[in-house]
Amino acid sequence: MIVAVGAVLRVWWATKAQAPTELRDPALYLLLGGQIADGNGYSYPGAEGGVTAYYPPGYPMMLGALIWLLGPLPGELSAFDVAVGANVVLSLATIVLVFSLGRRLVDHRVGLAAAAIFALWPNLVLHTGLALTETLFMFLFVLMLLVALAGRDVARHPGRWRLVTVGVLFGLTGLVRPVSFVIAPLFLLLWWPAGAKVAVKRTAVVAVMVAAMVLPWTIRNAIQIEAPVLI
């Protein structure tokens with residue numbers, strides 16, 4: 001029921017959404033996504049365009065991949081249509097993830113309450129109709145938390161592959177919104193009860209995987225832009 005209500009709100013809002021007309025973040029994300037889909041890389045179009053690293057690459061890369069995949073389908077889908085459709089799907093998936101996270105950490109009622117708040121929160125509905133990073137970020141961030149905190153025992157004693165997965169998801173989250181890296185010290189606190197040495201080792205595994213996600217982009221920037229742009 002909660003997901004159904006969330007779906008009605010998001011689909012209704014998506015039908016009201018309009019493509020951006022001003023050259024601001026949403027329009028530039030769509031331009032970059034279209035460039036990636038066309039095989040022109042992460043660059044602006046036109047004679048005065050060129051390679052850039054102005055925005056974190058995660059969201060435009062997702063858009064580019066989806067535009068490229070959906071291009072051969074019959075009918076005409078604009079880049080904005082793809083962005084809004086992806087937002088609706090990701091936002092609905094996040095409702096389910098929020099429920100699962102609340103249920104695993106506390107109980108079924110908390111999961112339902114958290115999912116209901118997420119489904120009905122006005123800003124989260126609003127962002128499904130905008131070509132912005134928030135919806136993808138929330139999906140990746142909550143998914144990472146669910147993997148890391150799948151249960152109290154799991155959170156205290158994660159296996160190696162769980163740590164690797166958390167690191168990959170954390171890296172992808174940072175490529176969408178780098179500000180998410182401010183929570184990195186919390187991993188040490190999460191695993192500190194097992195001992196300082198264990199906490200440092202586990203956090204190091206996550207850090208290595210984050211680096212594996214981020215460094216290819218950093219190297220690309222160093223080569224193409226000739227500047228040390230981390231993300």
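This is a predicted model: local features need pLDDT of at least 70, side-chain atom pairs count only at pLDDT 80 or more; totals for chains, interfaces and linings use all residues.
## Where helix 3 meets helix 4

Let's start with a pair of helices. Helix 3 covers residues 58-70 and helix 4 covers residues 79-105. Their axes come within 10 Å and cross at roughly 110 degrees. Helix 3 and helix 4 are therefore roughly perpendicular to each other.

Who does the touching? On the helix 3 side, the contact is made by Tyr 59, Met 62, Leu 63, Leu 66, Ile 67 and Leu 70. Helix 4 brings Ala 79, Val 82, Ala 83, Ala 86, Asn 87 and Leu 90. Sorted by class, that comes to 11 nonpolar residues, one polar residue and no charged ones.

## Leu 30, a buried residue in helix 2

Now have a look at Leu 30, which sits in helix 2 (residues 25-37). Its relative accessibility is 13%, so Leu 30 counts as buried, the cut-off being under 20%.

What does Leu 30 touch, once neighbours within four places in sequence are left aside? The list is Pro 20, Leu 63, Ala 79, Phe 80, Ala 83 and Ala 131. Some of these names have come up already: Leu 63 of helix 3, along with Ala 79 and Ala 83 of helix 4, takes part in the contact between those two helices. Tyr 59, another helix 3 residue in that contact, is 29 residues from Leu 30 along the chain, and the C-alpha atoms of Leu 30 and Tyr 59 are separated by 9.5 Å.

## The largest cavity

How many cavities of 30 Å³ or more does the structure hold? There are two. The largest has about 60 Å³ of space in it.

Its lining is made of Leu 90, Ser 91, Thr 94, Phe 118, Leu 124, His 127, Glu 134, Thr 135 and Met 138. Helix 4 and helix 7 (134-148) each supply at least two residues of this lining.

Around it you'll find Val 147, Ala 148, Val 154, Ala 155, Pro 158, Arg 162, Leu 163, Val 166 and Trp 191. Two or more of these residues come from each of helix 7, helix 8 (152-156) and helix 9 (160-176).

Which helix gives the most to this lining? That's helix 9, with three residues. In terms of class, the lining has eight nonpolar residues, no polar ones and one charged residue.

## Two exposed residues

His 157 is found in the loop between helix 8 and helix 9. Its relative accessibility is 57%, so His 157 counts as exposed, which takes a value over 50%. Phe 187 is 30 residues away along the chain, and the C-alpha atoms of His 157 and Phe 187 are separated by 12 Å.

Glu 226 is in the segment after helix 11 (196-224). Glu 226 is exposed too, with a relative accessible area of 70%. There's also something to note about its backbone: Glu 226 has a positive phi of about 60 degrees although it is not a glycine.

Terms used
Residues are numbered from 1 along each chain as its sequence is written. Side-chain values use heavy atoms; hydrogens and water are left out. Axes are lines fitted to C-alpha atoms, for helices over the stretch in contact, and angles run from 0 to 180 degrees between N-to-C directions. Helices (H or I, at least four residues) and strands (E, at least two) are DSSP runs, numbered from the N terminus. Angles under 35 degrees count as roughly parallel, over 145 as roughly antiparallel, 65 to 115 as roughly perpendicular and the rest as oblique. Contact means heavy atoms within 4.5 Å. Ala, Val, Leu, Ile, Met, Phe, Trp, Tyr, Cys and Pro count as nonpolar, Asp, Glu, Lys and Arg as charged, and the others, Gly among them, as polar. On a 1 Å grid over the protein atoms alone, a cavity is a set of points where a 1.4 Å probe fits but cannot get out, and a pocket is an open set with protein on both sides within 12 Å along at least five of seven lines; lining residues have an atom within 4 Å of a point. Grid points are joined across faces, edges and corners, and a volume is the space filled by probe spheres set on the points. Buried means under 20% relative accessible area, exposed over 50%, partly exposed in between (1.4 Å probe, protein chains only).
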